[in-house]
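Subject: Structure handover

Hello,

Please find the structure below, followed by notes on what was found in it.

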Amino acid sequence: MNSELHFLKEFTYQKASGVYTAAKDGSGGEEFAYSDGDVAEEYVFSCIRDAGDVSDNSPELVRWARDWSSYYHLAAGRANHIRVLDLPRELSVLELGSGCGAVSRYLGEHHREVHCVEGSPRRAAITRARCRGLDNVKVYCADFRKLLLEAEYDMVLLNGVLEYAPVFFAAEGRSPGDATAVLLALAKSALRKNGILLIAIENKIGLKYWCGASEDHTGRLFDGIHGYPTPGTARTYSKRELSQALDGSGFGFRKFYSCFPDYKFPTSVLVDDHGAHRGVFIHNWIEYPAENPGLDRSYLVHEGLAARSLADAGLIHEFANSFLVVASEHEPAGFDSTIKPEWLASKISVANRDRTVHCVTKFFPKTKTIEKTLIDYNSSDRRDTKALGHAVETAKWISGNLLSWEVAEAVMSKHFRSALLLVVAEYHEELLKSFATGANDDQGYPLLRGECFDFIMGNIIRTAAGLEGIDNEWKMDRPLPVDYLLYRSLSYDVLGRNGRWLCHNVPDADSFVIAMVRSLYPGYDEQRQARNRSLESTILSEIRGELGGTKWLSAEDGMAPWKRGVRKMARKVPAGLRARIVGLSGAINEKLRILFAQSS
């Protein structure tokens, strides 16, 4: 691409790729290239080209994920944070930095007109392929630094893009702050008078970084917290820094949302109005831990308990893992549901479930209600419910902490087994009191009514009156044995949420669950455990539906046996040798991660 500036209207359509370029022969864009690597991107391109369904949250595409890179581009949930904003459908949208088009596809399906700009020719072509069939989407391959934009858009989106300003706009000795200002000015120049800028970006002092996650862009521990000592890298911002940068660029109005575990695949989005709604137990909506797929991470602090402490102190939004920011020159008209939402917390459930049961759950503090709604994909598909019923309804909000917080406290206590047994025993007693049928199964285990399926510790609130279940989304049409519910809750609420901090004391998950259930039912053994595991697998296959099995085994999960073995060996040797063993294991972690990723 030559050095002169171009308006998008001057670009030429390339029939072969479907992309608009500044050069008539279709060349250009390489100077602004950003890539996951040739092999990785060509694989994603082939998956999208060959897929029959490339729609938003396509159940077909995710089945081809084979590593973190492909999962990132193909899996459901990339636009969760935008979905909950209830943006007007008639918007004209400019997406700066479309990547491989996962968010572009969502925008194209939900807004009147979408223009996507991507600096990499291959990624621009992938975006076009992902948005095929959407005539309202145009894709431009362009170097942002050589663009002139006209004020013709209702919304400009920078989704995971602003942090790269110090890398790509650092010419002529610009400081990182100046480079950020240049990109913000470019985005602002494209907005109509009443338009909004939408930014999704990690928080440099996000909770997960304090708890041991490596910085997402540099891979270095505490890099953002230390202020990015190495120049020339991508840089994210604290809430205050980002607000100041926006203010200095003429965006006098800002509305912040907090995304957990981050904006890339957010499961929870919280409105930054926590100060106006005290005592609502906002930490109940945060899932943990925030994993770093493709990057090594430590688990120095219990992320969930830290989140609860921050929420109690009114600081949870300062330490959100990611921000979603709506910014404008002045408070924009026509965006009331976005900038003045009636809901305070939103949970989006799309991963590992059939698309016909994708749903959004929102908490409305004024009415004290929890509203669960199905995501409308404008599809005639309906789910064959079989044995598992699915309920989508509005329920009353219940004040109190989840029982899973008591589990976390027990896990981190000095005598964790005895503390945990007390919680499990109380939970077991409540199961029998609330759901017992009076009958037993073929092995003598009490049977519970099928509506107990979702009554696990992560769905129970401790109130002054006792334990009360919430989010009763799934119901079985037949009785379930009590040990299956114990197995299920121990697997999800104890090991699933807290396994990273339990690993030193629980080298084998199966043995741990068996021991816990055996404290209540002495005859519980490996065969009964296998029976429960098989039942859970059968039920999950129904929830997943068309999604089927995922081919990708994360490197972190694949390495778990190796890490357990190292820890077990290290506990049995003198302290000096132990340090050498742990150091050696860290040195070969990366090679093992690559091997697991390639073999999955």
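Trp 405 is buried, with a relative accessible area of 2%; buried means under 20%, exposed over 50% and partly exposed in between, with a 1.4 Å probe and protein chains only. This is a predicted model, in which local features need pLDDT of at least 70 and side-chain atom pairs count only at pLDDT 80 or more, while totals for chains, interfaces and linings use all residues. Residues are numbered from 1 along each chain as its sequence is written, and side-chain values use heavy atoms, with hydrogens and water left out.

Overall figures

The chain has 19 helices and 24 strands. Helices (H or I, at least four residues) and strands (E, at least two) are DSSP runs numbered from the N terminus. Of its 600 residues, 56% count as buried. The chain exposes about 25,300 Å², with 53% of that supplied by carbon and sulfur atoms; the areas come from the Shrake-Rupley method with a 1.4 Å probe, and for residues only the protein chains shown count as cover. Of the contacts (heavy atoms within 4.5 Å) between residues at least 6 apart in sequence, 70% join residues at least 24 apart.

Aromatic rings

The whole structure holds 19 aromatic pairs. Rings of Phe, Tyr and Trp (its six-membered ring) pair if their centres lie within 6.5 Å; planes under 30 degrees apart count as stacked, over 60 as edge-to-face and the rest as tilted. One of the pairs is Tyr 288 with Trp 405, stacked at 5.7 Å centre to centre with 25° between the planes. This pair links distant parts of the chain, 117 residues apart: Tyr 288 is in the loop between β11 (268-271) and α10 (303-312), and Trp 405 is in helix α12 (residues 403-411). Tyr 288 is buried too, at 8% relative accessible area. Elsewhere, ring pairs link Phe 11, Tyr 13, Tyr 20 and Tyr 140 into a cluster.

Helix α5 and Thr 21

Eight of the 10 residues of helix α5 (residues 121-130) are buried, among them Arg 123, Arg 128 and Arg 130. The buried residues of α5 pack against elements including β3 (19-21), α1 (38-50) and β5 (113-118). Thr 21 belongs to strand β3 and is buried at 3% relative accessible area. Its side chain makes a polar contact of 3.1 Å with that of Gln 14. A polar contact is a pair of N or O atoms within 3.5 Å; within protein, one must be able to donate a hydrogen and the other to accept it, and residues adjacent in sequence count only if both atoms are side-chain atoms.

A three-stranded sheet

Strands β19, β20 and β24 form an open antiparallel sheet in that order, where two strands pair if DSSP finds at least two bridges between them. The edge strands are β19 and β24 (480-481). Two bridges join β19 (residues 436-440) to β20 (residues 446-448), with Asn 440 opposite Pro 446. These two strands form a hairpin with five residues between them, and Gly 444 in the turn has a positive phi of about 90°. Two bridges also pair β20 with β24, where Leu 448 stands opposite Leu 480.

Regards
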